[in-house]
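Subject: Structure for you to look at

Hello,

Please find the structure below, with the sequence beside it. My notes on what was found follow.

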Amino acid sequence: MPILTIDQVMHAYVTNQSAVLALNHLSLTVERGEFLSFLGPSGCGKTTLLSIIAGLIEPTKGRVLIEGKEAKTMRQTIGYMLQHDYLFPWKTIEQNVTIGLKLTGKYSEKTRKQTLALLHQIGLRDVDDRYPYELSGGMRQRAALVRTLATDPKILLLDEPFSALDYQTKLKLEDLVWETLKQYRKTALLVTHDIGEAIAMSDRIVLFTAKPGKIKRVVSVPDSLKACTPFQARQHPDFSPIFQMIWKELESIEQT
Amino acid sequence: MNKHEWLQRIYDQHIAYEKREKRIVRFFQTIIVIAFFSLWEIASRFHWIDPLLFSSPSSIWHLFITKVRDHTLFSHTTITLTETVLGFIVGTIAGICFAALLWWFPRVSKIVDPYLVILNAMPKVALGPILIVALGPNMTSIVAMGAIISIIITTIVVYTSFKEVDANYIKVLQTFGATKRQWFTEAILPASFPTMISTLKVNVGLSWVGVIVGEFLVSKQGLGYMIIYGFQVFNFTLVLLSLLMIALLSSIMYQLVSWFEKKLIKRA
């Protein structure tokens with residue numbers, strides 16, 4: 001059974017002016033352990049789709065199934081990472097990364113230790129008792145990753161988590177996130193504007209058209225690139241041809 | 001000279017400069033106080049100003065000693081201080097509770113919005129006579145005055161800050177399946193602490209206004225009573241003594257709130 005099934009999802013935003021169709025007849029299945037990227041012009045409803053998968057909003061029409069069950073009943077299996085870290089400034093790093101455990105009732109000495117161990121493993125040492133403002137942007141986003149992973153979600157939704165970082169930090173974090181997700185065999189959906197990032201990190205890339213959001217095409221990344229870390233993939237000879245292909249595809253989307 | 005010593009020297013210079021700056025500021029602040037009171041005393045002695053109206057620091061001091069000896073100053077001050085602190089606490093807490101209620105029930109907030117605007121625009125001290133008739137000419141109505149003057153503005157300001165908390169913090173909590181109650185305790189409330197502290201600071205001043213006006217009207221006891229009594233018997237030394245006491249006590253309350261702020265808000 002696929003871990004995620006999106007079945008004929010339609011979603012409309014209603015405002016005082018009008019009702020706008022954000023997503024139109026969207027269908028997609030994702031297998032366990034897969035890494036998918038969503039690429040497309042702004043306004044193509046990618047963030048809306050993530051919110052629907054996360055069970056935060058209900059689709060106007062259609063169904064989203066996680067392991068065969070309705071998405072809104074499966075919130076606990078989803079981890080969501082936003083563009084900015086949104087660490088709570090009044091909580092210490094430890095309190096921040098364990099908040100999910102506390103809210104889901106999974107908090108115990110064991111899970112606390114595991115979470116702190118993960119924090120140290122991804123290079124955040126001696127910051128447990130610090131406050132977020134004392135950390136750099138990259139460190140904060142890493143803490144946000146730990147917060148997301150702490151509750152052991154099966155699917156990770158990454159909503160442009162690297163776009164607010166400087167280029168070098170972004171490349172390092174891509175590798176770190178990729179390795180961490182592979183290690184724990186997580187399924188991930190990444191929303192991004194960066195074609196290179198999509199190719200470097202994912203197994204499949206979903207290209208969206210805008211207004212209303214619709215899947216234009218799904219591109220499979222060659223196995224040669226999938227095996228590499230994102231940083232290596234960017235240097236790989238197969239990288240450039242697929243980049244060109246997606247670039248042209250997106251150009252044609254924007255022109256129509 | 002090595003790098004370390006060089007840095008140390010630059011640091012020492014900076015600290016020395018800061019210390020000097022602080023001393024200069026303190027010096028001028030002291031000078032102003034001394035100059036103000038000396039000038040006041042001299043102007044009064046030489047009748048540049050009418051001593052009957054403006055009194056003088058020395059006569060205020062003598063009155064202070066007398067009033068301390070016969071224990072009347074202490075009792076009046078304690079009464080006023082109790083009323084103010086109670087009014088301040090009741091007003092602030094009730095205001096925050098109302099704000100929480102409005103946040104919890106958005107429809108209620110939509111319904112009461114115009115009434116809040118009217119209540120806020122209305123000068124609350126004008127309600128004084130009604131309060132005194134309703135609650136009796138006693139401490140309760142004075143505390144109510146101290147509270148009512150700050151309650152509406154606290155509600156409006158705190159509710160606005162509740163609404164302005166970044167929705168993405170809620171989104172983070174939602175992804176962990178948090179309840180609405182948890183949104184409030186984990187994000188909305190702590191995110192609004194800085195705003196609440198600044199309303200506390202405003203409320204210190206407002207409660208004093210409410211309580212003093214209340215004491216004017218009830219005219220039985222307290223520093224406000226001392227002012228109105230001094231005014232009626234033309235004893236402006238008494239009026240000024242009360243004013244100085246109020247200034248002193250309200251500054252102490254303000255300092256306490258600042259101290260509380262430092263305790264509560266740990267981030268820079």
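Which helices of chain B each supply at least two residues of the lining of the largest pocket? They are helix H4 (72–104), helix H10 (193–218) and helix H12 (236–264). Please keep in mind throughout that this is a predicted model.

The pocket

The volume of the largest pocket is about 280 Å³. Its lining is made up of 14 residues. Those nearest the centre of the pocket are Phe88(B), Thr92(B), Ile197(B), Leu200(B) and Phe260(B). Sorted by class, the lining has 13 nonpolar residues and 1 polar residue, with no charged ones.

The interface

Next, the contact between the two chains. Chain A brings 21 residues to the contact, and chain B brings 19. The size of an interface is often given as the accessible area lost when the parts come together. Here, about 2000 Å² is buried between chain A and chain B, and carbon and sulfur atoms give 68% of that area. On the chain A side, the residues that lose the most area to chain B are Tyr86(A), Trp90(A) and Leu103(A). Together these three account for 34% of what that side buries.

Between chain A and chain B, 5 residue pairs are in polar contact, counting pairs with both residues at pLDDT 80 or more. Three elements of chain A give two or more residues to the side that touches chain B: helix H1 (46–53), strand S6 (78–81) and helix H3 (99–104). Of these, H3(A) gives the most, with 4 residues. By class, that side of chain A has 13 nonpolar, 5 polar and 3 charged residues.

Side chains of opposite charge can pair when their charged atoms come close. How many salt bridges are found across the interface of chain A and chain B? The count is 1. Lys91(A) forms a salt bridge with Glu186(B), and their closest N and O atoms are 2.6 Å apart.

The cavity

The structure holds 1 cavity of 30 Å³ or more. About 60 Å³ of space lies in the largest cavity. Which residues line the largest cavity? From chain A they are Tyr80(A), Met81(A), Leu82(A), His84(A), Asp85(A), Ala144(A), Arg147(A) and Thr148(A), and from chain B they are Val172(B) and Phe176(B). S6 and helix H5 (137–150) of chain A are the elements that give two or more residues to this lining. H5(A) has the largest share, with 3 residues. The lining divides into 6 nonpolar, 2 polar and 2 charged residues.

Salt bridges over all chains

Over all chains, the count comes to 18 salt bridges. One of them joins Arg140(A) and Asp85(A), with the closest N and O atoms 2.9 Å apart. This pair links distant parts of the chain, as the two residues are 55 residues apart. Arg140(A) is in helix H5 of chain A, while Asp85(A) is in the loop between S6 and helix H2 (93–97) of chain A. Asp85(A) is also one of the residues lining the largest cavity.

Regards

Methods: Residues are numbered from 1 along each chain as its sequence is written. Chains are lettered from A and ligands numbered from 1 in the order in which they are written. This is a predicted model: local features need pLDDT of at least 70, side-chain atom pairs count only at pLDDT 80 or more; totals for chains, interfaces and linings use all residues. Side-chain values use heavy atoms; hydrogens and water are left out. On a 1 Å grid over the protein atoms alone, a cavity is a set of points where a 1.4 Å probe fits but cannot get out, and a pocket is an open set with protein on both sides within 12 Å along at least five of seven lines; lining residues have an atom within 4 Å of a point. Grid points are joined across faces, edges and corners, and a volume is the space filled by probe spheres set on the points. Ala, Val, Leu, Ile, Met, Phe, Trp, Tyr, Cys and Pro count as nonpolar, Asp, Glu, Lys and Arg as charged, and the others, Gly among them, as polar. Contact means heavy atoms within 4.5 Å. Buried area is the accessible area (1.4 Å probe) that two parts lose on being put together, summed over both. A salt bridge is a side-chain nitrogen of Lys or Arg within 4 Å of a carboxyl oxygen of Asp or Glu. A polar contact is a pair of N or O atoms within 3.5 Å; within protein, one must be able to donate a hydrogen and the other to accept it, and residues adjacent in sequence count only if both atoms are side-chain atoms.
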